[in-house]
Amino acid sequence: VTDTQEPELEKQISAELAERIGRGDRTAEQRVCERYYQRLLHFIRRRVGGDMALAEDICQQTFLKGLEKLRNREIKNPASLAAYLHGIAVKDVMNETRKSGRRATSADSELIDTMADIRPTALEEISEEQVRAELHRHLDRLSAHDRDVLIRLYLREESRESICASEGYSPQQFNNIVWRAKERLKKQLLEPADARRQGESKIVNLTR
Amino acid sequence: MNPQYIRDDLLIGNFLAGKLGDEDQEEFLADYLGDPERLEQLRGYVRDRELAERFLRDELSDHERDAFEKLCIADSVLYDELIMTEHLQQGLHGLDAAGQLPAGGASRGWRGWLHSPQYAMAASILLVVSLAFSGLLLRDNLSLRGEQNFASVSTDTRLVPLVTTRGDATNTLPQPGRNEWTVLLVDPGLTYDEYRASVRRTGGDTEPTVWEQSGLELMIYEQLALGMPGSTLTPGDYEIVIEGGTEDGGYEHITAVPLSVVAADE
């Protein structure tokens, strides 16, 4: 699912989807699933200690309950669907941790199929191996001081204050170093593998 | 700081600390997610306080974690930043465990370097080089115009370290004198064999590129030194575009650094 909406329109999108669901529009229900399911699942999974199957059960239940409320127009602030769904999910996770058995998923097979079909975003789908390989390439090209900042921040878990103090960076300079490193790595990670292979073969041809 | 900004920061702080009730939280999110300027402020707040990093280290309070998760579910930009942070953190740990982290320590931060004796030395070297170079340019220029008395023309050199920024922050430079030689120091952040740099005017209707140089290499402490006559930089807004040379002979964009030149008496 490609999220092409501008993020600043979230309030309007949320309110509009809620309104459409209240009118019985099933497409809007699917759109709500597509928009929030993967993100909510990410946090539920973390809260249940990484158990993906359990996280999926809870996430599906959350959406079924939330959509039911939307159909009945029982949500006070339809412009904030994300927060509302998160609230249901947090309660469900707490309930689940008190139970020993897995709950049975209630029936709305069409919606459950929709949720099951939702793929992670391109960024989430990248495997750890891919990340390591790209990061290795990325670190090689980074200047020594940018590399040092990343290692101290993310590997040694030093605070921003201590890195800034020892390196003489202002908070803004520090933020910019981290930001540009992330942006470049993100670009590298999202660059389609086949495009990269084409580029590499071009280089090989040129050197022949 | 703008009083509205302070009020907003307090409100964001209250949201994250769980001091708003459920309904107020939803109201807060709806307001911020419906206003691009406030949304950017909210994102800035999250970044400045390293909420993604602290979330991944399980350092957030329960309230902060709830609020942060809500934000990320509602805002795909913050969510993607969280995923990238997670990738970076896990990737670095993976490389470290496999013994594949690039070796070699980094230099001191360039800010520190600019206050260091090495900087003074580098500045001296640059001063000599640039004076010689600018002298040559002046000599060529004057001889082309048939003026022979070039020995009496003096030049000063000014080194201007620039910071790569995002958002509205920019580098401000008082307008250099006509006979001044200005050397802009830019940290490209990425290593290439050669670079191309161009200084472009922004937001005006004059010729956008006022200076360009290819074949540049990093000098010590991984800075690019872009030397140009002071007369190039008249008051106005510019961006310094840095590109890295690729294997196929082209260039790829690395960064654009904003620069604002203001009249000397401003």
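1. **Basis.** This is a predicted model, in which local features need pLDDT of at least 70, side-chain atom pairs count only at pLDDT 80 or more, and totals for chains, interfaces and linings use all residues. Residues are numbered from 1 along each chain as its sequence is written, chains are lettered from A and ligands numbered from 1 in the order in which they are written, and side-chain values use heavy atoms, with hydrogens and water left out.

2. **Chain B overall.** Chain B has eight helices and eight strands (DSSP runs numbered from the N terminus: helices H or I, at least four residues; strands E, at least two). Of its 266 residues, 45% are buried (under 20% relative accessible area, with a 1.4 Å probe and protein chains only). The accessible surface is about 12,900 Å², and carbon and sulfur atoms account for 48% of that (Shrake-Rupley method, 1.4 Å probe). Take the contacts in chain B between residues at least 6 apart in sequence: 61% join residues at least 24 apart (contact means heavy atoms within 4.5 Å).

3. **Helix pair in chain A.** Helices H2 (residues 26-47) and H4 (residues 81-98) of chain A pack at about 35 degrees, with axes 10 Å apart (axes are lines fitted to C-alpha atoms over the stretch in contact; angles run from 0 to 180 degrees between N-to-C directions). H2(A) contributes Val32(A), Tyr36(A), Leu40(A), Ile44(A) and Arg47(A) to the contact. Residues from H4(A) include Leu81(A), Leu85(A), His86(A) and Val93(A). By class, the contact has 10 nonpolar, one polar and one charged residues (Ala, Val, Leu, Ile, Met, Phe, Trp, Tyr, Cys and Pro are nonpolar; Asp, Glu, Lys and Arg charged; the others, Gly among them, polar).

4. **Glu86(B).** Glu86(B) sits in helix H6 (residues 76-97) of chain B. Glu86(B) is buried, at 13% relative accessible area. Neighbours within four places in sequence aside, Glu86(B) contacts His42(A), Arg46(A) and Leu56(B).

5. **Strand S7(B).** Eight of the 10 residues of S7 (residues 236-245) of chain B are buried, so the strand is largely enclosed by the rest of the structure. Strand S4 (residues 195-201) of chain B runs antiparallel to S7(B), joined by seven bridges (strands pair if DSSP finds at least two bridges between them). Here Arg201(B) stands opposite Tyr238(B).

6. **Hairpin.** S7(B) also pairs with strand S8 (residues 251-262) of chain B, antiparallel, over 10 bridges. Glu243(B) stands opposite His253(B). Five residues lie between the strands of this hairpin, where Gly249(B) takes a positive phi near 90 degrees.

Terms used: Buried means under 20% relative accessible area, exposed over 50%, partly exposed in between (1.4 Å probe, protein chains only).
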